[in-house]
Amino acid sequence: MDIHEYQAKELLAGFGVEVPRGGLAYSPEQAAYRAREIGGSTWVVKAQIHSGGRGKAGGVIVCHSENEVYDAADKLFGHRLVTEQTGAAGKVVYRVYVEGGVSIARELYLGLVLDRKEERVMVVASSAGGMEIEEISANEPDSLVRCVVEPAVGMQAFQARQIAFQLGIDPQLVNPAVETILGSYRAFEQLDATMVEINPLVVTTEGGIFALDAKMTFDDNALFRRPDVAELRDKSQEDPRETRAADRGLSYVGLEGNIGCIVNGAGLAMATMDMITQADGQPANFLDIGGGATPERVAKAFRLVMSDENVDAVLVNIFAGINRCDWVAEGVVQALERDPIDVPLVVRLAGTHVEEGRRILAESGLPIIHAKTLAEAADRAVKAVSNAPKVRKRNAPAKVADEGVPS
Ligand code: GDP
Ligand code: MN
């Protein structure tokens, strides 16, 4: 799960990381009021969307009066910001963050990630902050400093000091820099983050060290034990299809293709997508309905897959181990009797009670295309798409929550 910059800053501040004074606003009036609260003569109005690269996309505006703050916020609200990271669809700005401006002497980079190869938390820093980490490693690879943290003891002060010295930080600023690095590590560890990025971490001309931008990503599987983090979720920033799936306990990732997939098990779901691609088709989604595919879950899965207007055929691929094919077949029949679908449906069942499952589907009288193997299923789904008349998109409602206010 991702959170907004202002939320990450608030969390990090709780771990001793210095951040500029700032306040959140939901309207231009509120933004101007925040500027007055903060004081000073320079402010930065920042679009709060779940993406980096906002600066280059016009989402970070430096202002010199309360009127300018008002105008900047007015311009950003409701605007769909397209950055290098959002894709063409962009993300709509519903919140802005107003910060007191700081005069920057140096921009540094500080990132903490879970390094899968090392199986450790890795701290990455660079004296070439401000640009994205990909650009730093391409253009300034020699500026990169890496430090692997031993999980049994956590990050040690000497490691943070070493990083500070390698970044060329002035001796009198090493202590605050160490506080920032250690604080970021504690936040990472204690909040079950998978990523903390402060870019830029700035040294000001007055000799302070501040996190000017902050990004945090969290382990979804740990959110149940971090309610304070879980409540920071902002659904307006997520793919509405994925949000609906997560709310229903299904594991769903929306893709660009037109063959909707309903599969049990993540591995089988991946294999199904591969086989569709192999058969020259394109999956519309990844969907793992989990081990216990009850009729209710199957019905939810159908509704979710069909809510994607690009879906021109559905492929159900179930391997029943602990589960039973006859139960899944009942689920499919019940789901379709309640909510009939208007695209071809290919079903492949294998495993426990497969004969019974196939009999239930056959006797239902539903127009189901049967397949015995995964390859056959993929092949038939691709053929069904190329034969099917393309009527759906004309009838389909506009994409859900595209312009809507967050719920
Ligand atoms: P991002 O583009 O989404 O990563 O947003 P950032 O928060 O990193 O802002 C982009 C850039 O705006 C930073 O690298 C800074 O150069 C600049 N910026 C942000 N806040 C301030 C500020 O308070 N003062 C000045 N002078 N520049 C700022
Ligand atoms: Mn940034």
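Predicted model: local features only at pLDDT ≥ 70, side-chain atom pairs only at ≥ 80, totals over all residues.
## Basis

Local features need pLDDT of at least 70 and side-chain atom pairs count only at pLDDT 80 or more, while totals for chains, interfaces and linings use all residues. Residues are numbered from 1 along each chain as its sequence is written, chains are lettered from A and ligands numbered from 1 in written order, and side-chain values use heavy atoms, without hydrogens or water.

## Overall build

The protein chain holds 14 helices and 18 strands. Both are DSSP runs numbered from the N terminus: helices are H or I with at least four residues, strands are E with at least two. The C-alpha trace spans about 80 × 50 × 40 Å along its principal axes.

Of the 407 residues, 49% count as buried (under 20% relative accessible area, 1.4 Å probe, protein chains only). Contact means heavy atoms within 4.5 Å. Among contacts with a separation of 6 or more, 68% join residues 24 or more positions apart.

## Manganese site

N199 (O) and D213 (OD) coordinate the manganese ion (ligand 2) at 2.2 to 2.3 Å. N199 sits in strand β10 (residues 193–204), and D213 in the loop between β11 (209–211) and β12 (215–218), 14 residues apart. Both N199 and D213 are buried.

Donors are N, O and S atoms within 2.8 Å of the metal (3.2 Å for Na, K and Ca); water is not among the atoms, so the site may look incomplete.

## Helices α5 and α6

Helix α5 (residues 157–166) and helix α6 (residues 174–190) cross at roughly 120°, and their axes come within 9 Å. Axes are lines fitted to C-alpha atoms over the stretch in contact, with angles from 0 to 180 degrees between N-to-C directions.

The α5 side of the contact includes R161, I163 and F165, and the α6 side includes V178, I181 and L182. By class, this contact has 10 nonpolar, no polar and one charged residues. Nonpolar covers Ala, Val, Leu, Ile, Met, Phe, Trp, Tyr, Cys and Pro; charged covers Asp, Glu, Lys and Arg; the others, Gly among them, are polar.

## Helices α11 and α12

Helix α11 (residues 325–338) packs against helix α12 (residues 354–363) at about 20°, with axes 7 Å apart. That angle makes α11 roughly parallel to α12.

C325, D326, A329, E330, V332 and V333 of α11 meet V354, E356, G357, I360 and L361 of α12. Seven nonpolar, one polar and three charged residues make up this contact.

Notes:
Buried < 20%, exposed > 50% of the residue type's maximum accessible area, 1.4 Å probe, protein only. Parallel < 35°, antiparallel > 145°, perpendicular 65-115°, else oblique.
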